[in-house]
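Hi,

Here's the structure I promised to pass on. Have a look at it first, and my notes follow below.

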Amino acid sequence: MVADVAYLQQAQQQINQLEELFARQRAAYGDNPMPSADQRIQWLKSLRDLIFDEQDALIRAISQDFSNRSADETLLAEIMPSLHGIHYAKNRVRRWMKPSRRAVGMAFQPASAKVIYQPLGVVGVIVPWNYPLFLAIGPLVGALAAGNRVMVKMSESTPATSQLFKELMARIFPEDLVAVCLGEADVGVAFSKLPFDHLLFTGATSIGRHVMRAAAENLTPVTLELGGKSPAIVSHEVPLDHAAERIAFGKTMNAGQTCVAPDYVLVPRDRVEGFVEAYRTAVKSFYPQLKDNPDYTAIINERQLQRLNGYLQDAEAKGARLVPLFPEAQGRRLPHTLVLDVKDDMKLMQDEIFGPLLPIVPYERLDQAFAYINQRPRPLALYYFGYDKREQQRVLHETHSGGVCLNDTLLHVAQDDMPFGGVGPSGMGHYHGHEGFLTFSKAKGVFIKQRFNAARMIYPPYGKSIQKLVYKLFVR
């Protein structure tokens with residue numbers, strides 16, 4: 001009882017701090033509503049230098065939170081894309097800030113028009129646990145490049161990383177520019193209710209609905225980066241070792257705890273057994289053994305581990321054939337497992353898996369594979385493996401997803417010059433690169449007229465001959 005009271009008091013204190021921080025950031029934005037390009041570039045340079053200098057500390061903290069996270073995976077999937085994203089924005093923010101000239105119709109001359117890109121104000125970012133650095137830095141870069149103040153709510157499931165990130169940001173940014181907020185789920189709920197000028201949430205679709213509902217009370221625009229069941233399609237002609245190796249890379253990265261990880265694979269029925277063997281060979285080449293392997297990332301916590309084991313138990317009870325690729329688990333290192341003979345009523349075919357379990361769904365014709373995907377909620381990513389150009393175009397035109405890789409997995413997310421975002425249940429809105437700058441800016445249309453005013457010709461009273469001439473010339 002005493003512990004519960006202490007917890008509630010701490011949570012209320014953190015919620016009060018959120019409101020104070022928001023007020024301070026709002027005031028600071030009012031004092032400097034249009035930061036210069038030089039200011040923004042310096043913010044990004046400071047951020048880049050800090051991440052580079054502290055990469056070892058970040059790798060250790062993330063691994064601590066996971067009980068074991070491969071250091072190379074953190075370098076490849078968090079440190080490297082964060083640094084590249086900062087560098088990309090830093091070198092282009094001056095160009096992005098320039099007003100864009102727009103055309104003015106002949107009927108409205110003499111005049112000019114342009115669009116200016118104005119910071120929105122105070123931006124909120126809610127960070128998930130699976131990539132706690134990259135999914136904090138990505139939105140932060142876009143928001144700072146656009147000239148905003150930013151509040152970042154870190155995940156309670158990564159306490160070591162969240163605390164370190166808070167300390168690091170405090171070194172280079174005052175809290176009225178960038179504030180990192182910690183706390184449990186109730187603090188996250190309070191965070192989503194603040195009247196931000198924009199709110200970006202990355203996480204589960206179920207939580208995204210709550211975030212959007214809370215934001216709607218303030219008419220806060222949202223960007224939702226969710227997830228869903230991202231399919232991979234193996235064609236009839238692609239070499240199985242090519243497809244299996246690339247799918248295995250995307251599925252084993254971070255032990256499958258990736259929003260764009262392949263969630264299931266559609267394989268021609270007569271190639272299923274061949275794919276299983278090719279996939280087993282690929283995974284074993286990455287991880288010869290599970291035990292004490294520093295490259296094999298663990299599941300983030302016991303709750304997620306129990307959820308994944310529950311999926312396996314449910315699938316097996318309903319007739320699935322499990323093909324574990326390692327003999328047994330070690331701690332939270334869960335063996336990579338293929339799941340065959342799946343049915344729609346199995347939990348792992350209904351929920352986003354978010355772990356090292358890979359169902360295989362057989363199909364006869366490509367049309368059937370497309371129908372299987374299109375009958376389900378639109379995924380965040382789709383992966384097609386095949387070298388036939390006509391089939392590649394069919395995939396692009398006949399399916400819907402947030403993004404696509406042809407003959408690869410995951411790497412579209414790391415392309416700084418492409419937008420990243422979901423569609424429907426997998427999210428809404430985009431960020432990364434220029435799209436991130438646009439998401440966190442108000443594109444304000446400006447119409448400019450000087451002393452001469454030709455529009456006086458159409459002012460009332462109506463019925464004048466000059467007005468009839470205007471109608472004759474322009475109403476057509």
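This is a predicted model: local features need pLDDT of at least 70, side-chain atom pairs count only at pLDDT 80 or more; totals for chains, interfaces and linings use all residues.

E78 sits in helix α4, which runs over residues 71-90. Is E78 buried or exposed? Its relative accessible area is 0%, and anything under 20% counts as buried, so E78 is buried. If you leave out the neighbours within four places in sequence, E78 is in contact with I62, R69 and E73, and also with N130, Y131, P132, L133 and F134.

Next, helix α13 (residues 366-374). Its buried residues are L366, A369, F370, Y372 and I373. They are on the same side of α13, because the arc they cover around the axis is only 160°. What do the buried residues of α13 pack against? Their partners are the strands β8 (231-234), β9 (264-268), β12 (357-363) and β13 (381-385), plus helix α14 (389-398).

M106, M457, I458, Y459, I466, L469, L473 and F474 make a nonpolar patch of about 740 Å². One of its members, L469, belongs to helix α16 (residues 465-474). L469 has a relative accessibility of 42%, so it counts as partly exposed.

That's what I have for now.

Cheers

Conventions
Residues are numbered from 1 along each chain as its sequence is written. Side-chain values use heavy atoms; hydrogens and water are left out. Patches are made of residues with over 30% relative accessible area and no salt bridge: like charges are joined within 9 Å, nonpolar side chains (Val, Leu, Ile, Met, Phe, Trp, Tyr) within 5 Å. Accessible areas come from the Shrake-Rupley method with a 1.4 Å probe; for residues, only the protein chains shown count as cover. A salt bridge is a side-chain nitrogen of Lys or Arg within 4 Å of a carboxyl oxygen of Asp or Glu. Helices (H or I, at least four residues) and strands (E, at least two) are DSSP runs, numbered from the N terminus. Buried means under 20% relative accessible area, exposed over 50%, partly exposed in between (1.4 Å probe, protein chains only). Contact means heavy atoms within 4.5 Å. The arc is that of the directions from the helix axis to the C-beta atoms.
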